[in-house]
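Subject: Structure for your review

Dear colleague,

I am handing over the structure we spoke about, and below it I set out what was found. Please read the notes with the coordinates open beside you.

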Amino acid sequence: MVDLLELEERIEKCHKILSEHPDSQIFAALAEAYRKKGELDKAFEFCRNGLRNHPDYGAGHQIMAKINFDREMYSEAEKELLLAIKLDGRTRLTEQLLSRIMIKRGEFKEAKNIVEKLLSTDKKNSILKTLLEEIQKGLKEEKKRGVVFTPPEELTPREKKPAKVIEKN
C-alpha cells in the first residue's frame, strides 16, 4: 500500500531540490512519486522534461516506461524500457516490467519465458507467481479463441514490424 504522507513528503523534497538544482536527476524520483500517487500527467511531464536534459539516464527511461505502462501506452512503455536496458543493462525489475508489457500486448509465450526464468531463481516470489497465473489464463483464452500470436522478428522497435494475429479457422 502506498503511504500518501510519505509520497507528499518525497514530492516536496524533490521539488525543493529541483528548484535549487534545475538540472538535477531528481526529476526521476519526483516523477516516480507522482506516478505512485496516481498523478500520471504530472509524472509524465516531469519525466519528459528531465529526460530532455538527461537523455542517457537509464533510470529516468525506466520510470517513463512505468508511467507509460500505467497510462496503458504499452508500445511507448516498451520503447522506453528497451532504451533503459540499452543504457543500463537488464535487471530483474526490467525483465519483470517487460513481461508485464508483453502480457498487456497479448504476447503470453514470450512473457512466460521471462517469468519462468525469473521464477527459477526466486521460486517464492508472489508477484512473479501472479504474473505466471495471468499468463496461463491468457494462453488458455488464446487457445479457446483459436488465436495465434506471431511476434515480430526483432525485439526493437516493434512499430517497424507490427505483430500479426492470425485467427484459426
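A helix here is a DSSP run of H or I with at least four residues, and helices are numbered from the N terminus. Please keep in mind throughout that this is a predicted model.

With that definition, Glu45 and Arg48 both fall in helix α3 (residues 40-53), and because they are three residues apart there, about one helical turn separates them. The two side chains form a salt bridge in which the closest N and O atoms are 2.5 Å apart. Glu45 is partly exposed, at a relative accessible area of 33%, and Arg48 is likewise partly exposed, at 30%.

In total, the count of salt bridges comes to 16. One of them brings Lys37 and Glu8 together, at 2.1 Å from N to O; since Lys37 belongs to helix α2 (residues 27-37) and Glu8 to helix α1 (residues 4-20), this pair ties together parts that are 29 residues apart in sequence. Lys37 is partly exposed, with a relative accessible area of 27%, and Glu8 is partly exposed as well, with 34%.

Another salt bridge joins Arg92 and Asp122, with 3.7 Å between the closest N and O atoms, and it links distant parts of the chain, given that Arg92 sits in helix α6 and Asp122 in the loop between α7 and α8, 30 residues apart. Arg92 is partly exposed at 39% relative accessibility, and Asp122 is partly exposed at 26%. Salt bridges with shared partners also connect Glu8, Lys37, Glu39 and Lys42 into one network.

Turning to the helices themselves, α6 (residues 92-104) has 13 residues and reaches 19 Å from its first C-alpha to its last, close to the 18 Å expected. Its buried residues, among them Leu97, Leu98, Ile101 and Met102, pack against α4 (58-70), α5 (74-88), α7 (108-120) and α8 (126-145). After α6 comes Gly106, whose phi is positive, near 80°.

In α7, the buried residues are Phe108, Ala111, Ile114, Val115, Leu118 and Leu119; they cover an arc of only 135° around the axis, which means that they lie on the same side of α7. The cover over these buried residues includes α6 and α8, whereas the face turned away from the buried side carries the exposed residues Lys109, Asn113 and Lys117.

Finally, the count of disulfides comes to zero. Cys14 is buried, with a relative accessible area of 2%, and Cys47 is buried too, at 0%.

Notes. Residues numbered from 1 in each chain as written. Predicted model: local features only at pLDDT ≥ 70, side-chain atom pairs only at ≥ 80, totals over all residues. Heavy atoms only, no water. Helix = DSSP H or I, 4+ residues; strand = E, 2+ residues; numbered from the N terminus. Expected span 1.5 Å × (residues − 1). Buried < 20%, exposed > 50% of the residue type's maximum accessible area, 1.4 Å probe, protein only. Contact = heavy atoms within 4.5 Å. Arc of directions from axis to C-beta. Disulfide = S-S within 2.5 Å. Salt bridge = Lys/Arg side-chain N within 4 Å of Asp/Glu carboxyl O.
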